[in-house]
Amino acid sequence: MLAFNAGSAPEAEKRMAEAFEADSALAGLQRLRAATVAPQSLSTLGFSENDIPQAVELSLSAIPKNNPLTPTEDNLTMLLRAALEGLDPMEMS
């Protein structure tokens with residue numbers, strides 16, 4: 001979600017980057033993910049392509065209206081597919 005929202009919330013992204021002591025919030029989060037050996041993809045947690053439609057539906061109803069970037073079925077599907085495959089979020093921003 002950070003890669004999804006960062007460009008639409010530059011002040012929040014800047015504060016997060018400072019907290020991570022990194023050039024960007026996403027770079028700091030990636031460093032934390034590597035340091036904690038966090039899962040690299042949703043598939044390693046048992047999430048599959050077949051789960052995406054339900055996850056999108058649940059997400060659309062749960063994401064606050066004041067989210068920095070308006071979520072749509074298309075952009076959430078793209079985000080979840082990238083996370084499923086373990087694509088680098090740094091490439092998405």
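The backbone oxygen of T70 sits 3.1 Å from a polar atom in the side chain of N75, a polar contact in the sense used here (N or O atoms within 3.5 Å, one able to donate a hydrogen and the other to accept it; residues adjacent in sequence count only if both atoms are side-chain atoms). The model is a predicted one, with local features needing pLDDT of at least 70 and side-chain atom pairs pLDDT 80 or more, while totals for chains, interfaces and linings use all residues. Residues are numbered from 1 along each chain, and side-chain values use heavy atoms, leaving out hydrogens and water.

N75 belongs to helix α5, residues 73-85 (helices are DSSP runs of H or I, at least four residues, numbered from the N terminus). With a relative accessible area of 17%, N75 is buried (under 20%, with a 1.4 Å probe and protein chains only). Setting aside neighbours within four places in sequence, N75 touches F4 and T70 (contact means heavy atoms within 4.5 Å).

Then there is N67, in the loop between α4 (52-62) and α5. N67 is buried too, at 17% relative accessibility. Its side chain reaches the backbone oxygen of L69 at 2.7 Å. Beyond four places in sequence, N67 is in contact with F4 and N5.

Note on methods. Helices (H or I, at least four residues) and strands (E, at least two) are DSSP runs, numbered from the N terminus. Buried means under 20% relative accessible area, exposed over 50%, partly exposed in between (1.4 Å probe, protein chains only).
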